[in-house]
Amino acid sequence: MIFAIASGKGGTGKTTVSASLATLWENDVTAVDLDVEEPNLHLFLNPEITGTEKGYVTVPEADEERCVKCGACRDICQFKAITLMAGTLLVFPEMCHGCGGCMAVCPEKALIPGRRELGEIVRGRSGNMEFLMGRLRIGEAMAPPLMRQVKERMGFIATGDVIIDAPPGVSCPAMNAVMDADAVVLVTEPTPFGFHDFKLAWEAFSPLGIPMGAVINRAGLGDSTVQNFCKEKGIPIWAEIPYDRAIAEAYSQGRVIADAVPGLRDTFLKLKEHMVAAAEENDMLGVFRA
Ligand code: SF4
Ligand code: SF4
């Protein structure tokens with residue numbers, strides 16, 4: 001089963017929750033850091049790195065001698081990554097999404113596949129846990145193509161459950177990370193900003209029809225607006241992690257809080273039970289619906 005740990009905004013403790021879950025998971029597990037713009041799950045899990053490869057996207061390269069300036073490539077590119085200006089064909093590889101449309105429609109075969117580096121895909125191991133991470137190249141704007149490549153590797157190497165540390169927010173990368181999950185954990189904190197972004201995330205992910213539950217981090221810090229919202233919308237609260245100095249210290253030292261702070265292991269084991277039960281129930285409902 002695939003579990004995505006998401007949040008409406010950064011800094012809520014999403015990676016802390018991911019690391020704790022991955023560490024206490026008893027079955028085979030693959031921890032996947034899909035927060036490719038700012039991956040940091042490895043800092044907590046300390047995997048032994050077993051391989052690194054580059055990820056690329058295919059972009060067109062123009063053969064000026066063959067090009068008859070017909071404009072078909074420009075017309076099909078919805079990202080304005082290729083154009084004609086004063087009779088000159090211009091390609092903007094950084095804007096290209098690698099769909100291949102321009103190369104397919106060029107009547108003169110004047111566009112040949114080149115490539116742009118997206119970043120790297122890192123594989124590792126920590127005890128019985130497989131580890132996978134995408135890291136976007138500095139200056140690269142498009143996270144989803146690299147995320148897709150990480151997910152492809154995930155399909156090959158994951159033999160058991162998968163825990164995805166998703167990017168924060170509700171934009172394309174976050175959607176891309178949660179869309180294949182069997183259950184989503186939405187991590188938030190009881191502050192006005194936390195509530196605002198939690199609500200956005202819940203509204204954005206709800207149409208996917210994936211079971212979701214909340215984890216309230218730093219519980220006791222603010223007020224009960226998040227809890228009240230969850231009650232009103234029927235969102236189960238799967239765990240509350242207290243606002244506690246010992247947790248902040250463990251986090252600052254790069255330690256996994258489920259291991260470092262007494263009592264938290266049980267909190268995370270119960271969270272795991274909720275996640276698995278929600279995913280299994282959804283799976284059963286799917287069978288009945290079919
Ligand atoms: S590959 Fe797709 S996105 Fe890239 S330039 Fe061609 S049509 Fe545009
Ligand atoms: S479709 Fe081919 S021939 Fe036409 S402008 Fe583009 S590169 Fe040139």
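Contact is taken here as heavy atoms within 4.5 Å. In this predicted model, helix α1 lies across β1 (2–6), β2, β7, β8 (161–165), β9 (183–188), β10 and β11. Relative to β8, α1 runs at about 160°.

The strands in question belong to an open sheet of nine strands with mixed pairing, in the order β3-β6-β7-β2-β8-β1-β9-β10-β11. The edges are formed by β3 (48–62) and β11, each of which has a single partner strand, so one side of each is left without a neighbour in the sheet. On average, neighbouring strands are turned by 20° against each other, direction ignored. Within the sheet, strands β2 (residues 29–33) and β7 (residues 129–136) run parallel and are joined by five bridges. One bridge pairs T30 with E130 in β7.

The largest pocket holds about 460 Å³ of space. Two or more residues of its lining come from each of α1 (14–24), β10 (212–219), β11 (237–242) and α9 (245–252). The lining comprises 24 residues, and G11, G13, T16, R218 and Y251 lie nearest the centre of the pocket. By class, 10 of the lining residues are nonpolar, eight are polar and six are charged.

Two ligands were also examined.

Methods: Residues numbered from 1 in each chain as written. Chains lettered and ligands numbered in written order. Predicted model: local features only at pLDDT ≥ 70, side-chain atom pairs only at ≥ 80, totals over all residues. Heavy atoms only, no water. 1 Å grid on protein atoms, 1.4 Å probe; cavity = no way out; pocket = protein on both sides within 12 Å on 5 of 7 lines; lining within 4 Å. Points joined across faces, edges and corners; volume = space filled by probe spheres on them. Helix = DSSP H or I, 4+ residues; strand = E, 2+ residues; numbered from the N terminus. Nonpolar A, V, L, I, M, F, W, Y, C, P; charged D, E, K, R; others polar. Pairing = 2+ DSSP bridges. Axes fitted to C-alpha atoms, helices over the stretch in contact; angles between N-to-C directions.
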